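User: I have a model open and want to learn the terms used to describe it. Can we go through them one by one?

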Amino acid sequence: MSYQHIQMPTSGDKITIQNDKLVVTDNPILGFVEGDGIGPDITRAAMRVWNAAVEKAYGGKRKVHWAELFLGEKAAGIYDGDYFPAETLEAVKELVVSIKGPLTTPIGGGFRSLNVSLRQDLDLYACVRPVDYFDGVPSPMKRPEDVHAILFRENTEDVYAGIEYESGTPENAKLAKFLREEMGADFFEDAGLGIKPISPFGSKRLVRKAIQYAIDNNKDSVTLVHKGNIQKFTEGAFRKWGYELAAEEFGEETITEAELWDKYDGKRPEGKIVIKDRIADIMFQLMQLRPAEFSVIATTNLNGDYLSDAMAAEVGGMGIAPGANIADHIAVFEATHGTAPKYANLDKVNPSSLMFSGSMMFDYIGWKEVSALIADAFGKTIKQKIVTYDFARQMEGATEVSTSGFADALIANL
Ligand code: NAP
């Protein structure tokens, strides 16, 4: 495919998919989008860390060949006002694996969020967010070291599907009439109406990814989080379909929590993954009081949106929380925070959210040595109390450094 403004590197190999698996050479081309606001600062810093960690891990045998792709304000400048150029979407598909900084969503009508567009257009159905504690990171928890979990949030359905009808519109009146007269529903006059679709297909493919992750990474449980006690045919159905999928496709590898107690007296048999479920409200409490009981979490879109931020807060907050949006193979890794416009181009903010999203990306392509080196160097840098402003304000005796200064310290610790 030829592109108008995207320049593919002249060396390196595109990632391909064969037999349902990624094929990654020692010289893969990976896409990156700098992002808006603080995006350029954190991308510059994180990219220096990634390249240094790859060099350290493989001594020149492996190298990433970066292809810059454009979205957001930078894209608008290049593509004559187009914030979401079609060729960027094509390149993300062609390259299979990419990483992006945050993007501005102008508030107001007529502008679809670029992040939501990307997820929908590429059907990136699993939003994946790990939360891990590093010794010394400021945390509100008494035992933050117990927090070691990864959340799989369904990314395409639920109230996020955008099926909403505004109070006072003819569409709203039509739907209200149908619901009242044909379905016997009862609700206040002029209520805004939203539809929450949750399907077996959408639920099962998300839970499949979560269980496969648990198998590949030796995790002991997968918890289905839902609000099925109230929303029986959507949230409750998600729970039901999750258990069904586990039994149908992973019967050998999994047992349910009920079986754990009925058959095994509460002692997990070696190698089995326990499938359990928790109601969303109690899950917020449990993640604070007994986080050690949870390792992999699979949940619906809205629950996952709230829960992932709450979990991130337990281990240092959005400044270091990484994330990814993943389809069957195509993956877009991203900083989970926004563009923090007041800090744009000040070389001030914490680059760790994007940097650790990059670590997830290296794990995804099978270069686990890179993420291990970055985690180790991050741990050392935090122990030395060399941190950006967000951590410095919560730590006694910290040395505050800039975004680029933090990358320098981390690279020195690799
Ligand atoms: P935000 O950009 O995440 O910033 C909120 C606050 O979080 C910042 O003021 C800062 O806190 C802190 N923060 C964010 N990133 C940080 C970092 N790397 N290091 C340290 N602290 C960090 O949220 P927002 O102000 O609500 O949104 C701004 C724009 O970003 C909006 O246009 C929104 O639509 C967009 N957005 C994009 C994404 C995405 O692209 N994935 C996600 C969310 C929001 P202090 O002020 O306390 O220092």
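**Ligand contacts and helix packing**

Analyst: A backbone N or O atom of Asn350 lies 2.9 Å from a nitrogen atom of the ligand. This is a predicted model, where local features need pLDDT of at least 70, side-chain atom pairs count only at pLDDT 80 or more, and totals for chains, interfaces and linings use all residues. Residues are numbered from 1 along each chain as its sequence is written, and side-chain values use heavy atoms, with hydrogens and water left out.

User: Which side chains have a polar atom at 3.2 Å from a nitrogen atom of the ligand, or at 2.8 Å from an oxygen atom of the ligand?

Analyst: His337 has the polar side-chain atom at 3.2 Å from a ligand nitrogen. Lys342 has the one at 2.8 Å from a ligand oxygen.

User: How much of the ligand does the protein cover?

Analyst: The protein covers 67% of the 870 Å² of accessible area that the ligand has on its own. Such areas come from the Shrake-Rupley method with a 1.4 Å probe.

User: Which residues come nearest to the ligand?

Analyst: Leu103, Gly338, Ala340, Tyr343 and Tyr389 do, out of 22 around it. A residue is near if one of its heavy atoms lies within 4 Å.

User: How are helices H11 and H12 placed?

Analyst: Helices here are DSSP runs (H or I, at least four residues), numbered from the N terminus. H11 (residues 352-364) and H12 (residues 368-383) pack at about 150°, with axes 7 Å apart. Axes are lines fitted to C-alpha atoms over the stretch in contact, and angles run from 0 to 180 degrees between N-to-C directions.

User: Why is H11 called roughly antiparallel to H12?

Analyst: Angles over 145 degrees count as roughly antiparallel. The angle is about 150°, so H11 is roughly antiparallel to H12.

User: What makes H12 roughly perpendicular to H14?

Analyst: H12 and H14 (residues 403-412) pack at about 110°, with their axes 8 Å apart. Roughly perpendicular covers 65 to 115 degrees, so H12 is roughly perpendicular to H14.

Note on methods. Polar contact = N/O pair within 3.5 Å; in protein donor to acceptor, adjacent residues only side chain to side chain. Helix = DSSP H or I, 4+ residues; strand = E, 2+ residues; numbered from the N terminus. Parallel < 35°, antiparallel > 145°, perpendicular 65-115°, else oblique.
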